[in-house]
Amino acid sequence: MEGRRVVVSALQFACTDDVSTNVNTAERLVRAAHGKGANIILIQELFEGYYFCQAQREDFFQRAKPYKGHPTILRMQKLAKELGIVIPVSFFEEANNAHYNSIAIIDADGADLGLYRKSHIPDGPGYQEKFYFNPGDTGFKVAV
């Protein structure tokens with residue numbers, strides 16, 4: 001059996017308050033990482049906007065979107081399929097009258113392999129995540 005080379009790249013960039021700008025930046029950096037040989041590319045947590053959890057503001061709940069039909073996930077599915085790479089996509093999810101810090105795992109063929117809702121929600125100075133996110137209810141999944 002021939003070995004398979006796995007190259008992981010982690011992206012980190014300064015986000016703006018404009019979703020379109022941030023998603024465009026993420027796509028540009030994903031393409032650059034793929035060009036250097038990466039086939040699993042990790043985009044930073046909640047990359048659609050600047051890290052908003054530093055203050056408790058009700059208006060920030062407007063940033064949350066449902067999992068199904070989420071425009072950033074759909075865009076990353078197309079990108080993953082085009083490049084043949086795996087992309088975990090972090091997003092602020094609204095579901096069942098609750099809000100989650102969630103991640104959708106997109107496979108190299110563009111398939112959505114499922115959703116994980118973050119279970120450990122930090123809280124402290126500069127991390128007001130418990131104000132925004134419910135603890136996840138998806139449990140931990142292992143793919144084989």
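A strand, in this talk, is a DSSP run of E residues, at least two long, and strands are numbered from the N terminus. Arg 117 lies in one of these, strand S5, which covers residues 112-117. I shall return to Arg 117 at the end. Please keep in mind throughout that the structure before you is a predicted model.

Let me begin with the chain as a whole. It contains 3 helices and 7 strands. Read from the N terminus, the order of these elements is β-α-β-α-β-β-β-β-β-α. The radius of gyration is 16 Å, close to the 15 Å that the globule rule gives for 144 residues, so the chain is as compact as a globular protein of that length. Along the principal axes, the C-alpha atoms fill a box of roughly 50 × 30 × 30 Å.

How much of the chain is buried? Buried residues account for 42% of the 144 residues. Turning to contacts with a separation of 6 or more, 60% of them join residues 24 or more positions apart. The accessible surface comes to about 8,400 Å², and carbon and sulfur atoms hold 53% of that area. As for charge, there are 16 positive and 17 negative side chains, and the centres of the two sets are 5 Å apart.

Beyond its neighbours within four places in sequence, Ile 87 is in contact with Val 30, Ile 41, Ile 43, Met 76, Leu 79, Ala 80, Ala 104, Ile 105 and Ile 106.

Setting aside residues up to four places away in sequence, Thr 72 touches Val 23, Phe 47, Glu 48 and Val 89.

Next, I would like to draw attention to two backbone angles. Most residues other than glycine have a negative phi. Leu 46, however, has a phi near 50 degrees, which is positive. Leu 46 sits in the loop between strand S2 (40-42) and H2. Asn 97 also has a positive phi, near 60 degrees, and is located in the loop between S3 and S4.

Asn 97, at 84% relative accessibility, lies over the 50% limit and so counts as exposed.

Finally, let us return to Arg 117 in strand S5. This arginine has a relative accessible area of 9%, which is under 20%, so Arg 117 is buried. What does Arg 117 touch, not counting residues up to four places away in sequence? Its partners are Glu 93, Ala 95, Tyr 100, Asn 101, Ser 102, Gly 136, Asp 137 and Thr 138. Thank you for your attention.

How values were computed: Residues are numbered from 1 along each chain as its sequence is written. This is a predicted model: local features need pLDDT of at least 70, side-chain atom pairs count only at pLDDT 80 or more; totals for chains, interfaces and linings use all residues. Side-chain values use heavy atoms; hydrogens and water are left out. Helices (H or I, at least four residues) and strands (E, at least two) are DSSP runs, numbered from the N terminus. The radius of gyration is taken over C-alpha atoms; the globule rule is 2.2 Å times the number of residues to the power 0.38. Buried means under 20% relative accessible area, exposed over 50%, partly exposed in between (1.4 Å probe, protein chains only). Contact means heavy atoms within 4.5 Å. Accessible areas come from the Shrake-Rupley method with a 1.4 Å probe; for residues, only the protein chains shown count as cover. Lys and Arg count as positive and Asp and Glu as negative; His and the chain ends are not counted. The place of a charge is taken as NZ of Lys, CZ of Arg, CG of Asp or CD of Glu.
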